[in-house]
Amino acid sequence: MEVNLGESVCEENVYKHLFSKHYKVLRNYLNYRFKDVDIADEYAQNAFLILWENCGKIKSIQAKKFLFTTSYRLVLNHYRSDKIAKRYKEQLISEGIDFETPDLLFDENELNLKIYAAIRALPEKQRIVFMMNRFEDQTYKDISELLQISVKSVEKRMQRALLNLRTVLK
Amino acid sequence: MKRSVNQDTYLAKWISGELNDSELKNYVSENDFNSYVLLKDLISGMQSISPDIENTWEQINQKKLSSTFKVNQTDWTLKRFYLAAAAILILFVSIMSYHFGLFGSQHVLTSTQSKKLNIGENVFLDLYQNTSITQSAPLYNINEIELDFGEVYFEVKKGQDFKIKTNQGTVEVLGTKFNVKSNDNFLSVMCFEGSVKVTYLDKEYIVDSGKSFNSIDRRVDAILENKSFNSESGILYHEFKSTRLVDVKTFLEKTYKVKITFPKYILNRKFTGALPINDLELSLHLIASSFQLHYEINQRYVYFKA
């Protein structure tokens, strides 16, 4: 479906188009960032609901940036306001409950598992850029707009990520 | 010809296709080059896991329809006019209903709403999400309601007769604070103050303060003590009172060392009742019955679905 970028998000077909186009990327971005698929699901959905609440104020061209900014803030607020739950969760993790749900599908041979572990162990900034580019088909320009940094910074983060991953193969 | 590329970004440009393989060789050793090619191949064999888009879209639409989320697109002058007109209409209907006893009424709540009601001066109701009650008599003269499904917390002043009919049984009040939860095969009554009489399958049960009555599939488990306690069947229970499902989930995960996934829209709903602490299957069944969910167990993972 083709959507005019200036169209109102209040149009049901426009809203659904935005959902189809951005939900997976948004949800996976939150998962890559916070390593918690439940949180990612919940706040990606909430961001879409807030988009609907404010659909009269937002053109479809602005929606993607709105969704990423809103969901990111929602998750940060969640962690700030839910310190008790977070402490409880940390306690559970220390007792061996695994909260991390795999976020990639791959043939589970030894080499792939090593690479996967290395990807997840990348510093957050590198991990987000790397995973958004490699697994969500986001260009460096797309990522720079979402993270509000320059394309050059995105490239540097990608470079460092690749240098780090290279060490696994040595 | 060697292009001028910043030393900080040549790998980024290569993996995105801006540099080709032979151009990369200008920046790295043969050994490193082979490793990067291998890395690129391995990564290309990986893909992200897609969320359940169809189910998520349905959940979002459910939430959109609830009163929690209103679309902010109407002109404010027009909106105020509509709000004023609606308020006048509601006031008129309420006055007619209260003074002339014209209508019984039904309160059906969708999944994201809760509602507080006063019936006369002696009865207070706190309806939870996804609950339906029917009042078959005028409000000022009511001493009986029907709980069609869902969960309601009651406070009834001493001396006031009050009866709650459910499709599982009847709860009669003897001056008390208590909670009733009911659906097709489940009835749970928890008494916090005073006592209530539960009539279930033609038998009467008095539930005193601090105790609860639970039945599943026409089987009465026990008149249970609140907090942690042993039932007659030897099962250890833990009591929850208006506890968010997300906290119940955490409790179960900790108790049974499992990972539980619920539909997101339901996590902030509240649970009142008793759950076993040494019987995972029964706990899951009670939760599923209370919230009209289904569940699947896969090793240490439990998935609840609408």
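Reader: Before we look at single residues, what does buried mean here, and what do exposed and partly exposed mean?

Author: Buried means under 20% relative accessible area, exposed means over 50%, and partly exposed covers what lies in between. Please keep in mind throughout that this is a predicted model. Because its relative accessibility is 8%, B:Gln59 counts as buried.

Reader: Which residues does B:Gln59 touch, if residues up to four places away in sequence are not counted?

Author: B:Gln59 touches B:Pro263, B:Lys264 and B:Tyr265 in chain B, and A:Gln45 in chain A.

Reader: How should I read a nonpolar core, and which residues have the most contacts inside the largest one?

Author: In soluble globular proteins, nonpolar side chains tend to be buried together. In this model the largest nonpolar core has 69 residues, and those with the most contacts inside it are A:Phe48, A:Leu51, A:Leu104, A:Ile119, A:Phe130, A:Met132 and A:Phe135. Helix α1 of chain A, residues 12-34, gives the most to this core, with 11 residues. Apart from this core lies another, of 27 residues, which includes B:Ile216, B:Tyr237, B:Leu293 and B:Phe304.

Reader: What does A:Phe48 touch, again leaving out residues up to four places away in sequence?

Author: Within chain A, A:Phe48 touches A:Tyr15, A:Leu18, A:Phe19, A:His22, A:Tyr23, A:Leu26 and A:Leu67, and from chain B it touches B:Ile60.

Reader: How is the size of an interface expressed, and what area is buried between chain A and chain B?

Author: The size of an interface is often given as the accessible area lost when the parts come together. Between chain A and chain B the buried area is about 5,200 Å², and carbon and sulfur atoms give 63% of it. On the side of chain A, the residues that lose the most area to chain B are A:Leu49, A:Gln159 and A:Arg166, which together make up 12% of what that side buries. Counted by contacts, 56 residues of chain A meet 54 residues of chain B.

Reader: How many polar contacts and salt bridges cross this interface?

Author: The rule finds 14 residue pairs in polar contact across the interface of chain A and chain B, both residues of each pair being at pLDDT 80 or more. The residues on the side of chain A that touches chain B divide into 29 nonpolar, 8 polar and 19 charged. The side chains of B:Lys13 and A:Glu155 meet in a salt bridge, at 2.9 Å from N to O.

Reader: How many salt bridges does the structure hold over all chains, and where might I look within one chain?

Author: Over all chains the structure holds 14 salt bridges. One of them joins the side chains of A:Arg33 and A:Glu124, at 3.1 Å from N to O. This pair links distant parts of the chain, since A:Arg33 is in helix α1 and A:Glu124 in helix α6 of chain A, 91 residues apart.

Reader: Are these two partners buried or partly exposed?

Author: A:Arg33 is buried, because its relative accessible area is 16%, whereas A:Glu124 counts as partly exposed at 36% relative accessibility. In chain B, the side chains of B:Glu144 and B:Lys165 meet in a salt bridge at 3.3 Å, N to O. B:Glu144 lies in strand β6 and B:Lys165 in strand β7 of chain B, so this pair ties together parts that are 21 residues apart in sequence.

How values were computed. Residues are numbered from 1 along each chain as its sequence is written. Chains are lettered from A and ligands numbered from 1 in the order in which they are written. This is a predicted model: local features need pLDDT of at least 70, side-chain atom pairs count only at pLDDT 80 or more; totals for chains, interfaces and linings use all residues. Side-chain values use heavy atoms; hydrogens and water are left out. A nonpolar core is a set of buried Ala, Val, Leu, Ile, Met, Phe, Trp, Tyr and Cys residues joined through side-chain atoms within 4.5 Å. Buried means under 20% relative accessible area, exposed over 50%, partly exposed in between (1.4 Å probe, protein chains only). Helices (H or I, at least four residues) and strands (E, at least two) are DSSP runs, numbered from the N terminus. Contact means heavy atoms within 4.5 Å. Buried area is the accessible area (1.4 Å probe) that two parts lose on being put together, summed over both. A salt bridge is a side-chain nitrogen of Lys or Arg within 4 Å of a carboxyl oxygen of Asp or Glu. A polar contact is a pair of N or O atoms within 3.5 Å; within protein, one must be able to donate a hydrogen and the other to accept it, and residues adjacent in sequence count only if both atoms are side-chain atoms. Ala, Val, Leu, Ile, Met, Phe, Trp, Tyr, Cys and Pro count as nonpolar, Asp, Glu, Lys and Arg as charged, and the others, Gly among them, as polar.
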